[in-house]
Amino acid sequence: MKIVVMGLGYIGLPTAIMFANHGQEVVGVDVNANVIKELNTGKIHIEEPGLQAELDKALKDNAFKASLVVEPADAFIVSVPTPNHQDTLKSCDLGYVTSAVTSILPVLKKGNTIIIESTIAPRSTEDYILPLVESTGLVVGKDVFLVHCPERVLPGQIIHELIYNNRIIGGVTPACIQAGKAIYSVFVQGELIESAASTAEMSKLMENTYRDVNIALANELVHISAELGIDALDVINMANKHPRVNLHQPGPGVGGHCLAVDPYFIAAAAPANSHLIQQARHINSTMPKFIVEKTVALMNKLDGQKIAIFGLTYKGDIDDIRESPALEIYHELKAMARFDVVAYDPHVNASFVEKNMAKATEKADLVLILVDHSEFRDLRTQDLANMNQMAILDAKNIATKCVDMSHYFNLGLLSRINEVGSVLV
Ligand code: SAJ
């Protein structure tokens, strides 16, 4: 089978290479000429464990090539970004998807299958992509097959999860589902679950929305508990001892390209019926502001000058700072021009990021932990001995070996900020 994969990013590239290394002839298409050049000379442009070795093998076997141009094939897999529109409800921008599909149309033949892997708003396959495909005169379900098959992999474990995760095969017609199954069964060992295209779209979006809403509930609990003087983290621990309760963890906000993006696609598609989802987005996207307020309140109490921010990425143990609430907090505190703000992150290489922890904490009045990097788990009070005042605001509840500091606050203990007087150690 010949497969064209459109979009060679975090999902498209590993997918293309997996097909190539399972006996298929694969052409990876991207609009970025540099990416094409690098891949054809054997270099991957993204960081993903095991992927370089997989590309080496695919190139050696002549099973994969990268190209700027779409070629005739048996199947086309579209894996391009779907950002939010900058409209009020941040709806789904299908522009890259429709332009990828449009570029396939001139080479589309009877018997071909088009699979959309990009995360898309509910009903996009049937309402927008189907008419586009049928504008060629080919009939979907009879002449060609159209499928939405959302990806669900976690960066860092992509190759393993591509093979072993279940896949939802959302067909526009029963024949489309079968065409999709035949393609993924080449290498997927998880279950291939048959569904309608619109169900597949919505289930992908709801997986991430479920987490976003659950995190918002935990963050709202932090607000409530700060007001009432109750330890929110203890409450979560207690409640989660119930066999059917799984409250998520609060934090400085929700980042990344999935949880902070996908719920808007649902909300924008059905604004009058998505109050909870919209409210959850509001709660999570205003958490950075809340953390800034608490930081300023604490710094005022401490009469402090220097803040050492620990962690800038959107979640722990990764190097990705895009859509990061931690970065937003850093910029906000910097912009106030009231404090000396230094960012320390052992995972991030950027000129404004301090790589030396001792330098970051030197004469600091507060360590503000915003990311749960594993390194911070081992942080001890004596590691911070060069601080001016021994204070930590730990928004991820990770520096648990530092709770004996003069001032240690996590999101369960915010109400105690009011009790702080200026203490120099
Ligand atoms: N977060 C919290 N509290 C929690 C859990 C997470 O504040 O209890 C925050 C994180 O710090 C981060 C954000 O949420 O800022 C998102 O992190 P995440 O680990 O929940 O998710 P992503 O965006 O890295 O990956 C998700 C995954 N989806 C689910 O687990 C349902 C992944 O499987 C999907 O493939 C990916 O979205 C995607 O592409 O949609």
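Reply: Domain bounds here come from an automatic or database domain assignment. This is a predicted model, in which local features need pLDDT of at least 70 and side-chain atom pairs count only at pLDDT 80 or more, while totals for chains, interfaces and linings use all residues. Residues are numbered from 1 along each chain as its sequence is written, and side-chain values use heavy atoms, with hydrogens and water left out.

The assignment divides the chain into domain 1 (2-199) and domain 2 (230-425). Their centres, taken over C-alpha atoms, are 37 Å apart. Domain 1 puts 14 residues into the contact and domain 2 puts in 13, where contact means heavy atoms within 4.5 Å. About 970 Å² is buried between domain 1 and domain 2, 65% of it from carbon and sulfur atoms; buried area is the accessible area (1.4 Å probe) that two parts lose on being put together, summed over both. Of the area that domain 1 buries against domain 2, Asn84, Leu89 and Pro122 supply 43%, more than any other three residues.

There is also a helix pair to describe. Helices are DSSP runs (H or I, at least four residues) numbered from the N terminus. H1 (residues 12-20) packs on H3 (residues 51-60) at about 45 degrees, with 9 Å between their axes; axes are lines fitted to C-alpha atoms over the stretch in contact, and angles run from 0 to 180 degrees between N-to-C directions. On the H1 side the contact is made by Leu13, Pro14, Ile17, Met18 and Ala20, and on the H3 side by Leu51, Glu54, Leu55 and Ala58.

Methods. Helices (H or I, at least four residues) and strands (E, at least two) are DSSP runs, numbered from the N terminus.
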